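Work through the exercises below with the sequence and the model in view. Try each task before reading its solution.

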Amino acid sequence: YERARPVPVPAAQVARAIVDAVERERAEVYVPGWLEAPARLRGAAPGVFRRLAALFGGVS
C-alpha cells in the first residue's frame, strides 16, 4: 500500500464491523463509516461520482 491516505483499516476493526452487521442482519457495512457517502453518491449520481473520482485520483 503506497498511499498516505486513506490510512489502512486494521483487520480487527473490519472483523468487528462484520460481526456487528451479521448480528444486526444488515446487508451492507462500511468500514470506515465515511465510505458510505461515496458509495451512495455513486449509486445516486454516477456521473458526478466519476468526475469527483477523477479529480481526487479515485477509480471510476
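**Exercise 1. Surface and fold**

*Solution.* The model is predicted: local features need pLDDT of at least 70, side-chain atom pairs count only at pLDDT 80 or more, and totals for chains, interfaces and linings use all residues. Residues are numbered from 1 along each chain as its sequence is written, and side-chain values use heavy atoms, without hydrogens and water.

Step 1. The protein chain exposes about 5100 Å² (Shrake-Rupley method, 1.4 Å probe; for residues, only the protein chains shown count as cover). Carbon and sulfur atoms supply 59% of that area.

Step 2. Now take burial. Buried residues make up 7% of the 60 residues (buried is under 20% relative accessible area, exposed over 50%, partly exposed in between; 1.4 Å probe, protein chains only).

Step 3. Take the fold. The protein chain has three helices and zero strands (DSSP runs: helices H or I, at least four residues; strands E, at least two; numbered from the N terminus). The radius of gyration is 14 Å, well over the 10 Å that the globule rule gives for 60 residues, so the chain is more spread out than a compact globule (taken over C-alpha atoms; the rule is 2.2 Å times the number of residues to the power 0.38).

Step 4. Along the principal axes, the C-alpha atoms fill roughly 35 × 30 × 15 Å.

**Exercise 2. Salt bridges**

Find the salt bridges and state how exposed their partners are.

*Solution.* Step 1. Apply the rule: a side-chain nitrogen of Lys or Arg within 4 Å of a carboxyl oxygen of Asp or Glu. The count comes to two.

Step 1. Asp20 pairs with Arg24, with the closest N and O atoms 2.7 Å apart. Asp20 is partly exposed at 28%. Arg24 is exposed at 58%.

Step 2. Glu36 pairs with Arg40, with the closest N and O atoms 2.9 Å apart. Both lie in helix H2 (residues 36-44), four residues apart, about one turn of the helix. Glu36 is partly exposed at 29%, and Arg40 is partly exposed at 48%.

**Exercise 3. Nonpolar patch**

Which residues form the nonpolar patch, and which helix gives the most to it?

*Solution.* Step 1. Patch residues have over 30% relative accessible area and no salt bridge; like charges are joined within 9 Å, nonpolar side chains (Val, Leu, Ile, Met, Phe, Trp, Tyr) within 5 Å.

Step 1. The members are Leu41, Val48, Leu52, Leu55 and Phe56, with about 470 Å² of accessible area together.

Step 2. Helix H3 (residues 46-56) gives the most, with four residues. Leu55 lies in helix H3 and counts as exposed at 63% relative accessibility.
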